[in-house]
Each structure stands twice: as structure tokens, then as C-alpha cells.
Amino acid sequence: MEKKDDNYYIEKVINGQTNYFSYIVEKYQDIVFSIALKVLRNREDAEEMAQESFIKAYKSLHTFKGNAKFSTWIYRITYNTCISEVRKKKIHFTSADDVQIKDETEEMNLDGIPAENREKIIKAALDKLPEDEYTLVLLYYFEEQSIVEICKVTGLTESNAKVKLHRARKKLHTLLNEMMKDDLYTIL
Amino acid sequence: MKTFEEDKELKQLLKSIKLEKPAPDFTKVVMNRVFQERAVVEQVRAEPVLGKGFWIILALFVLLMAVMVLMSGSNIAPESTVVLPEINTEKYMSGYRSFFENFGNLPVSIAGITLAFSMLIFLERFLSSRRPELT
């Protein structure tokens, strides 16, 4: 079947064909859930907030003008919904801000690590990032969103987003290198 | 030193992982809630803007007005006295008349403000009931 773009489904939903909204849910559920899970750190809450984000998006779909990408719009709804929930519940998480960023950790060589462990290592490293840095990394590298789009999602200024992304990348390199060393020792 | 924009390896690495997935029935759950929302919106849309109560009160008011007009045309005060001889209806009718006389003496601006206010409430209710979202 020919893959249609988001605007096609959005128009269908706005015109009353509500079942087309399931395409949007299917397409974005993993990343919406990942953002929610990172912010809320609990699968149950994350699932609830991910659902809430889609419902909010459905309710205000008619306000989506199409000037920005739909993905940017839905991620912003998700991010704001989750941050509001954290503030409402007054949840305080301790983040991995204590990671010592090393300047020399530029190159990574994951060749010696088995594929199944590789994914585990990357996920574990991502897990150690604070939620704002995780969201930046996810949107920039995984979703290939631009800095401008990321700023719309997170509400950061361009310069702030760049600084945070730079820090997050360095932190991720440090974490990955440390984890790879540990993993190699275990293998050997 | 590479900038974050140049880090193609990291992009490749991150793209190779599978993201956390919600429960398998996630789409179904969301769609059920979406259909519920839609049903509520449709129900609100189907409901008349002005409820049954409004029409009953309006009918009673119109009826009262009609009675008043008919009564003012003919001098019914003596008849009333005949129907209810033991009650001094004239006393009540004069109080009633003085109320409406005072009401009629109200400045036009107050009447205008009241009317405009009522219209705005009516308009707000009408527009919000036609809005697809429910807030």
C-alpha cells in the first residue's frame, strides 16, 4: 500500500474519519512512549501519559496548521504533558549529571561487542542521561529533527539546545566507552 | 574535535537501536478513548443549544405577557374582586403595576447592557457547543 504523509491522515480525521487517527498513533507511539518513559521513569505512568498526549493531539488536531512538522507538534504535546505530570506529582529524579565528561573519548569502536550486547549498552547509556538531554539526543540523532524543531518541542533557545546537545553527546561517548570496557572485560 | 552535527557514527549507532514499545494494545486503547471523545462531542452537538427548561420558562413568560396585555385592555379589576371577593386584588394589582412602572423607568443603558450581556452568554454557549474539542 502506498504510504501517505501525515497531512493526508490529519485531513481525514478532521473531516470526520476518526479511524484514520490510528495510523498516526501507530507511527508515533514508540517515540512518544520513549519520551514519556524517560521523563516519568515508570512504564505505567508513561503509557498513561502517552495515551493522554495522543488524546490531546486528537482534540486539538483542528488547530494544527501544518506550518511545522506534525512530529514536532506531537512531541511538544508529549514533552509538555509529561513535564506537567512530573511537576503535578512533584516527582524529583536524581539524574546522571555526575558523569565525568572526558575530552579524549571521541572515537568509539563497538566492533568487539556482540550485536545483542551493543543494543543493551546503547540503551543503558541513554538511560543514564537526564530527560532533557535524552530528548535532545533522541530527536536530533534518532528522529533527525533540526535544532529549530527541537527548540519548538523543548522550549529551549537555539544556543541552549546546542550547548546541551554538545554536552549530551560527550556524556554519551564517555558512558559508551566506559560500558564497552566493562563489557569487554566480562567477555574476556 | 567533531561537533555534534558531524557525529555520523553516533547517529548510525542510535538509529540501530529499537525504542521502548508500549503495550501491544496501545493503539486500540487510544482509539477507544478517541471514539469516546468523538461520541461525547457528537452528543453535545446534537443537544439543542437552548434546553427544554428555557423554552418552558419562555412559554410561561409569553403566556404571562399575553395575559397582562389582555387584562390591561379591559378593566378586569372589579371582576377579580367578584371572583375572589374576600381578597383585595386591587392592592396586589397596584403593587404589580408600580413594579412594572419602576421597571419601565430604568435607564435604557441598563437595559442595553443586560441585553448585550445575555447575547454574549448565548453566543459563547452556542459557539462552544459547536467546537469539535471538549475542554
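Of the 188 residues of chain A, 34% count as buried, a residue being buried if 20 or more other C-beta atoms, placed from the backbone, lie within 10 Å of its own. This is a predicted model, in which local features need pLDDT of at least 70 and side-chain atom pairs count only at pLDDT 80 or more, while totals for chains, interfaces and linings use all residues. Residues are numbered from 1 along each chain as its sequence is written, and chains are lettered from A in the order in which they are written.

Chain A holds eight helices and zero strands, where helices (H or I, at least four residues) and strands (E, at least two) are DSSP runs numbered from the N terminus. Of the contacts in chain A with a separation of 6 or more, 70% come from residues 24 or more positions apart; two residues are in contact if their C-beta atoms, placed from the backbone, lie within 7 Å.

One pair of helices in chain A is α2 (residues 21–40) and α6 (residues 131–142), which pack at an angle of about 160° with their axes 9 Å apart. α2(A) and α6(A) are therefore roughly antiparallel to each other, a term for angles over 145 degrees. Their contact is made by Ser34(A), Ile35(A), Lys38(A) and Val39(A) of α2(A) together with Glu131(A), Tyr134(A), Thr135(A) and Leu138(A) of α6(A).

Key:
Buried ≥ 20, exposed ≤ 12 C-beta atoms within 10 Å, placed from the backbone. Axes fitted to C-alpha atoms, helices over the stretch in contact; angles between N-to-C directions. Parallel < 35°, antiparallel > 145°, perpendicular 65-115°, else oblique.
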